[in-house]
Amino acid sequence: MRLATWNINSIRAREDRALAWLERTQTDVLALQETKCTDEQFPRAAFEAAGYQVATCGFGQWNGVAILSRVGLDDVELSFPGQPGFGEVPAVEARAIGASCGGVRVWSLYVPHGRAIDDPHYLYKLDWLQSLSTEAARWLAADATAQVALVGDWNVAPLDTDVWDVAVFEGGTHVSAPERASFKAFADAGYVEVTRRHLPDERRYTYWDYQQLRFPKNEGMRIDFAYTTPALAARVAGVTIDRDERKGKGASDHVPVILDLG
DNA sequence: ATGCCCAGAACCTCTGGA
């Protein structure tokens, strides 16, 4: 089974690109982030015509996550239990969707950006990650053989080498110690980040800013990851970061990350 | 060429992204 995650940066702007990519890569399950549309606006018919079941979670123009599957799509959850909200009257955002696809519990995750260290969104980001790792630990404690994949845009660069120039990010989000600790908590809970296990090389990025020739100069960030339970990690035969998908007009600023499961 | 921000909403300039 081929399982992939992709921050698409608007599914409506990239519908054709996504359909062509699914056809080319023969991906069975695709977790999407930043669909940037409501459930009603999601172009679901086109993906259904291509043979995929579609589950979406979109509340407006911001965020938005979805799962496409041609190997079954059951027991959809539109947030994880205990998912924090943002605001004075906390509102849960469209940042997590879970579904069972081909025997795997897939979570498509769009971790809050954080904006700046002194911004309320930063504490929200830490709370969000800590709540998710606590919940994920429970899933594994309840079933040591669980097949769970937590995939998406984590908005954390765990290593200094995960950004093209760490000096540029000094004092900002994505590289701070609390963010990195919140990311590592998933490993402490027993999950395995399988993309780095299979692709340990430096300068192997998943995101490049649209500005300042970042992609041609390979000045990017590695912020899209896949934490899996040990039972699922053992099935991962290979990982691909589809760098070519960043090329050309109309690309997302993130590329797909593919897991091939045996 | 891998090429010098993009998307959405609103209404032209703003917010958010990272």
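1. A residue is called buried here if 20 or more other C-beta atoms lie within 10 Å of its own, exposed if 12 or fewer do, and partly exposed in between, with C-beta atoms placed from the backbone. By this criterion, the buried residues of helix α3 are Tyr124, Lys125, Trp128, Leu129, Leu132, Ser133 and Ala136. Helices (H or I, at least four residues) and strands (E, at least two) are DSSP runs, numbered from the N terminus.

2. The model is predicted: local features need pLDDT of at least 70, and side-chain atom pairs count only at pLDDT 80 or more, whereas totals for chains, interfaces and linings use all residues. Residues are numbered from 1 along each chain as its sequence is written, and chains are lettered from A and ligands numbered from 1 in the order in which they are written.

3. An open sheet of six strands runs in the order β5-β6-β7-β8-β10-β9, with mixed pairing. Two strands are taken to pair if DSSP finds at least two bridges between them. The edge strands are β5 and β9 (192-193), each of which pairs on one side only.

4. Strand β7 (residues 104-110) is largely enclosed by the rest of the structure, because seven of its seven residues are buried. Both of its faces are covered: Val104, Val106, Ser108 and Tyr110 are buried on one side, and Arg105, Trp107 and Leu109 are buried on the other.

5. The length of helix α3 agrees with expectation: at 1.5 Å a residue its 23 residues should span 33 Å, and its end C-alpha atoms are 33 Å apart. The expected span is 1.5 Å times one less than the number of residues in the helix. The buried residues of α3 pack against β8 and α5, where contact requires the C-beta atoms of two residues, placed from the backbone, to lie within 7 Å.

6. Helix α5 (residues 177-188) passes the corresponding check, since its 12 residues should span 16 Å and its end C-alpha atoms are 16 Å apart. Its residues Glu179, Ser182, Phe183 and Phe186 are buried. They lie on the same side of α5, because they cover an arc of only 95° around the axis; the arc is that of the directions from the helix axis to the C-beta atoms. The buried residues of α5 pack against α3 (120-142), β8 (148-153) and β10 (224-228).

7. The face of α5 turned away from the buried side carries the exposed residues Ala177 and Asp188. Just after this helix, Gly190 has a positive phi of about 110°.

8. Most residues other than glycine have a negative phi. Two exceptions deserve attention. Lys36, with phi near 55°, occupies the loop between β2 (29-33) and α2 (44-49). Lys36 is buried because 21 other C-beta atoms lie within 10 Å. Asn63, with phi of about 60°, belongs to the loop between β3 (53-57) and β4 (65-69). Asn63 has 19 other C-beta atoms within 10 Å and is therefore partly exposed.

9. Leu78 lies in the loop between β5 (74-77) and β6 (96-101). It counts as partly exposed because it has 17 C-beta neighbours inside 10 Å. Not counting residues up to four places away in sequence, Leu78 touches Cys57 and Ile97. Its C-alpha atom is 15 Å from that of Trp128, which is 50 residues away along the chain.

10. Of the 25 residues around DNA strand B, those that come nearest are Ser10, Gln61, Tyr210, Gln211 and Lys247. A residue is near a molecule or strand if its C-beta atom, placed from the backbone, lies within 6 Å of it. The surface near DNA strand B comprises eight nonpolar, 11 polar and six charged residues. In this division Ala, Val, Leu, Ile, Met, Phe, Trp, Tyr, Cys and Pro count as nonpolar, Asp, Glu, Lys and Arg as charged, and the others, Gly among them, as polar.
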